[in-house]
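Visitor: I am new to this structure and would like a short tour. Could you take my questions one at a time?

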Amino acid sequence: MDIELTPRLAKKVYGGDGGAYYAWCPEELQMLREGNIGASKLALEKNGFALPRYSDSAKVAYVLQGCGVAGIVLPEQEEKIVAIKKGDAIALPFGVVTWWFNKEDTELVVLFLGDTSKAHKAGSFTDFFLTGTNGIFTGFSSEFVGRAWDLEENVVKSLVGKQTGSGIVKLDAAFKMPEPKKEHRDGMALNCEEAPLDVNIKNGEGLWC
């Protein structure tokens, strides 16, 4: 079977002053649909914050440009606050919760690729937000959410009802975000531009002369 391989631009899904989220459409890129591969891109401006979410697919995040901070919460583990930079690759298992923040002037661009064979839609990622106007808890009563979080009802109303952002927001420059920890990066991020080659050929540099 012939598969169309013509390159396509990703389409903007949502965004605002803080940045935007783009995705490649499986209807336009047959190789995504046939291969059960999802592909998307996150671009954050300075002080742009991608709200906490989890996906219906395991994926790999690759930093194409810039540097920033990623918050990663693995099941039954403490949150990892990881400093990220161009060339970093991070494996994100199914169900992991992540958020992304750019505090630099240079735009932070992160590419996501992953297996969608068990996803809601072949060739596409579906994200579920924990907060914001489209957060998963906005559809439940404050009583239900209070029981789930073990919080007072007035606190729940504040947490759920006062989150006006959707997907990506721009934080005030004075807002203090959690600082990354060096030890959290170990075993979590691999920089593909700095990692040693798997094969080292003696005097191999002469082959390129």
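Guide: The conversation below goes through ring pairs, salt bridges, surface charge and backbone angles. Please keep in mind that this is a predicted model.

Visitor: Understood. How many aromatic pairs does the structure hold?

Guide: It holds five aromatic pairs. One of them joins Tyr14 and Phe129, whose ring centres are 6.0 Å apart.

Visitor: How are the planes of those two rings set, stacked or edge-to-face?

Guide: The planes of Tyr14 and Phe129 meet at 75°, so the pair is edge-to-face. Tyr14 belongs to strand S1 (residues 11-16) and Phe129 to strand S11 (residues 127-129), and the pair links distant parts of the chain, 115 residues apart.

Visitor: And Phe129, is it buried or exposed?

Guide: Phe129 counts as buried, because its relative accessibility is 5%, where the limit for buried is under 20%.

Visitor: What about the pair of Tyr54 and Phe128, stacked or edge-to-face?

Guide: The ring centres of Tyr54 and Phe128 lie 5.3 Å apart and the planes are at 25°, so this pair is stacked. Tyr54 is in strand S4 (residues 48-55) and Phe128 is in strand S11, so the pair ties together parts 74 residues apart in sequence.

Visitor: How exposed are those two?

Guide: Tyr54 is partly exposed at 28% relative accessible area, and Phe128 is partly exposed at 32%.

Visitor: Which residues do ring pairs link into a cluster?

Guide: The cluster is made of Tyr14, Tyr21 and Phe129.

Visitor: Let us turn to charges. How many salt bridges are there?

Guide: The count comes to eight salt bridges. Side chains of opposite charge can pair when their charged atoms come close.

Visitor: Which residue forms a salt bridge with Glu28?

Guide: The partner of Glu28 is Lys11, with the closest N and O atoms 2.6 Å apart. Glu28 sits in the loop between strand S2 (19-23) and H1, while Lys11 is in strand S1, and the two are 17 residues apart.

Visitor: What meets Asp127 in a salt bridge?

Guide: The side chain of Arg53 does, at 3.8 Å from N to O. Arg53 counts as buried, with 6% relative accessibility.

Visitor: Which residues are linked in a network of salt bridges?

Guide: Arg53, Lys59 and Asp127 are linked in such a network.

Visitor: Where does Lys86 come in?

Guide: Lys86 forms a salt bridge with Glu193, the closest N and O atoms being 2.6 Å apart. Glu193 is in the segment after strand S13 (189-191) and Lys86 is in the loop between S7 and strand S8 (88-92), so the pair ties together parts 107 residues apart in sequence. Lys86 is partly exposed, at 42% relative accessible area.

Visitor: On the surface now, which residues gather in a patch of negative charge?

Guide: They are Glu78, Glu79, Glu183 and Asp186. Glu183 is found in helix H4 (residues 182-185), and its relative accessibility of 52% counts as exposed.

Visitor: What is the phi of Asn36?

Guide: Phi of Asn36 is near 55°, a positive value in a residue that is not glycine. Most residues other than glycine have a negative phi. Asn36 lies in the loop between helix H1 (30-35) and strand S3 (37-44), and it is partly exposed at 26% relative accessible area.

Visitor: And what is the phi of Glu76?

Guide: Glu76, also not a glycine, has a positive phi of about 60°. Glu76 is in the loop between strand S6 (67-73) and strand S7 (80-85), and counts as exposed at 86% relative accessibility.

Visitor: Last one: where does Ala173 lie?

Guide: Ala173 is in the loop between strand S12 (168-170) and H4, and counts as exposed at 67% relative accessibility. The C-alpha atoms of Ala173 and Lys103 are separated by 8.5 Å, although the two residues are 70 residues apart along the chain.

Technical notes. Residues are numbered from 1 along each chain as its sequence is written. This is a predicted model: local features need pLDDT of at least 70, side-chain atom pairs count only at pLDDT 80 or more; totals for chains, interfaces and linings use all residues. Side-chain values use heavy atoms; hydrogens and water are left out. Patches are made of residues with over 30% relative accessible area and no salt bridge: like charges are joined within 9 Å, nonpolar side chains (Val, Leu, Ile, Met, Phe, Trp, Tyr) within 5 Å. Accessible areas come from the Shrake-Rupley method with a 1.4 Å probe; for residues, only the protein chains shown count as cover. A salt bridge is a side-chain nitrogen of Lys or Arg within 4 Å of a carboxyl oxygen of Asp or Glu. Lys and Arg count as positive and Asp and Glu as negative; His and the chain ends are not counted. The place of a charge is taken as NZ of Lys, CZ of Arg, CG of Asp or CD of Glu. Helices (H or I, at least four residues) and strands (E, at least two) are DSSP runs, numbered from the N terminus. Buried means under 20% relative accessible area, exposed over 50%, partly exposed in between (1.4 Å probe, protein chains only). Rings of Phe, Tyr and Trp (its six-membered ring) pair if their centres lie within 6.5 Å; planes under 30 degrees apart count as stacked, over 60 as edge-to-face and the rest as tilted.
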